[in-house]
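Reader: I am new to this structure. Could you show me how to read it?

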Amino acid sequence: MAWTKQMPANPVVAVCGATGAVGHEFLKVLTDVDFPAAEVRALASAKSAGKQLPFGGCGRARAGKLTVREMGPEAFEGVDIALFSAGADISRTFRDAVVSAGAVMIDNSSAFRMEDGVPLVVPEVNPGDAAMHDGVIANPNCSTIEMVVALKPLACIAPIKRVVVSTYQAASGAGLPAMVELYDQTRNYLDSITMEANAFAHPLAFNCIPKIDRMMDDGSSREEWKMVVETQKIMHDPSIGVNATCVRVPVVRCHGESVNVEFAAPVSVETAREAWSAAPMVEIMDDPANEVYPMPGELAGTDPVYIGRVRKDASVESGLSFWLVMDQIRKGAALNAVQIAQLLLP
């Protein structure tokens, strides 16, 4: 059943989890896109209440300092859109309060992504799904967003049979404490001081950890499972085979992905380039002879999914291989959610 409440032209927006890495990015993105908000509220836990957060302003919401409020049920009175990035447990806890207040929850956690009746939306891929919500819209896993933005233009050329993807995921995908820990570990390593690991099971500095999220019975990690089922749901095609290996790497920000795609019919490199060139939120950086290719260290703070190292995959009859980089805090979280909010505007 679709939502029937009319969204105002100037909605009141609540940023839930405002003091976290994605929360900070929510506030920046709202300013950058000049979202037509009547008011922006910063919500977080009780221990963060009273903190001041810088805000550049958007719509009718003036620039200045936002005072963080405690996120309780009463905080959603008068709210039209609630942008959540506070963890799955918090999202589940406040779902009823948000929806009962007449607001639409756009949730960045994994809490509702695979729930029947909850749209899982990437605006460049399945924007129409956003209209089919009943108070909750899920923002996909950042690694899935990165991949499907690149896959959608190709799927319009020929059906996709199978995708093999290896991810190179930045520390910031695990939040602000993980970013700080990587900095601290790097300093300690260079100073020959023992590195402590709290954000991950092992030190990440000068290391790669081939496990993200908890392990499942089939030997896959939950992060890898997300990429399979979320891709099929977003692209409305349960027949697409996806095999993922997800690895945490010592990069602060921006995820990389190595992708191999097998199609039901031949797709040339030239045809793929043409499709990507015409696609939204895609940027081609592919001139390896001149050392031009997407790299995480150079792309933090940017919006597109960058594509490089495009070539034929000779191991299958109809295949392509390519490399992706995307700022997962930006497009993989905050920007994608704000774009969903834009889809809800009258």
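Author: Begin with the charges. This is a predicted model. The protein has 29 positive and 41 negative charges, and their mean positions lie 3 Å apart.

Reader: How many helices and strands does the protein have?

Author: Count the elements along the chain. There are 8 helices and 14 strands.

Reader: What share of the 346 residues is buried?

Author: Buried means under 20% relative accessible area. Here 53% of the residues are buried. The protein exposes about 14800 Å², and carbon and sulfur atoms supply 51% of that area.

Reader: Among contacts between residues at least 6 apart in sequence, what percentage joins residues at least 24 apart?

Author: The figure is 68%.

Reader: Let us take one residue. Where is S321 found?

Author: S321 is in strand 14, which covers residues 319–326.

Reader: Is S321 buried or exposed?

Author: Compare its accessibility with the cut-off. S321 has 6% relative accessibility, so it counts as buried.

Reader: Which side chain makes a polar contact with the side chain of S321?

Author: That of N260, at 2.7 Å. Now widen the view, leaving aside neighbours within four places in sequence. S321 is then in contact with V259, N260, R309, V310, R311 and D313.

Terms used. Residues are numbered from 1 along each chain as its sequence is written. This is a predicted model: local features need pLDDT of at least 70, side-chain atom pairs count only at pLDDT 80 or more; totals for chains, interfaces and linings use all residues. Side-chain values use heavy atoms; hydrogens and water are left out. Helices (H or I, at least four residues) and strands (E, at least two) are DSSP runs, numbered from the N terminus. Buried means under 20% relative accessible area, exposed over 50%, partly exposed in between (1.4 Å probe, protein chains only). Contact means heavy atoms within 4.5 Å. Accessible areas come from the Shrake-Rupley method with a 1.4 Å probe; for residues, only the protein chains shown count as cover. Lys and Arg count as positive and Asp and Glu as negative; His and the chain ends are not counted. The place of a charge is taken as NZ of Lys, CZ of Arg, CG of Asp or CD of Glu. A polar contact is a pair of N or O atoms within 3.5 Å; within protein, one must be able to donate a hydrogen and the other to accept it, and residues adjacent in sequence count only if both atoms are side-chain atoms.
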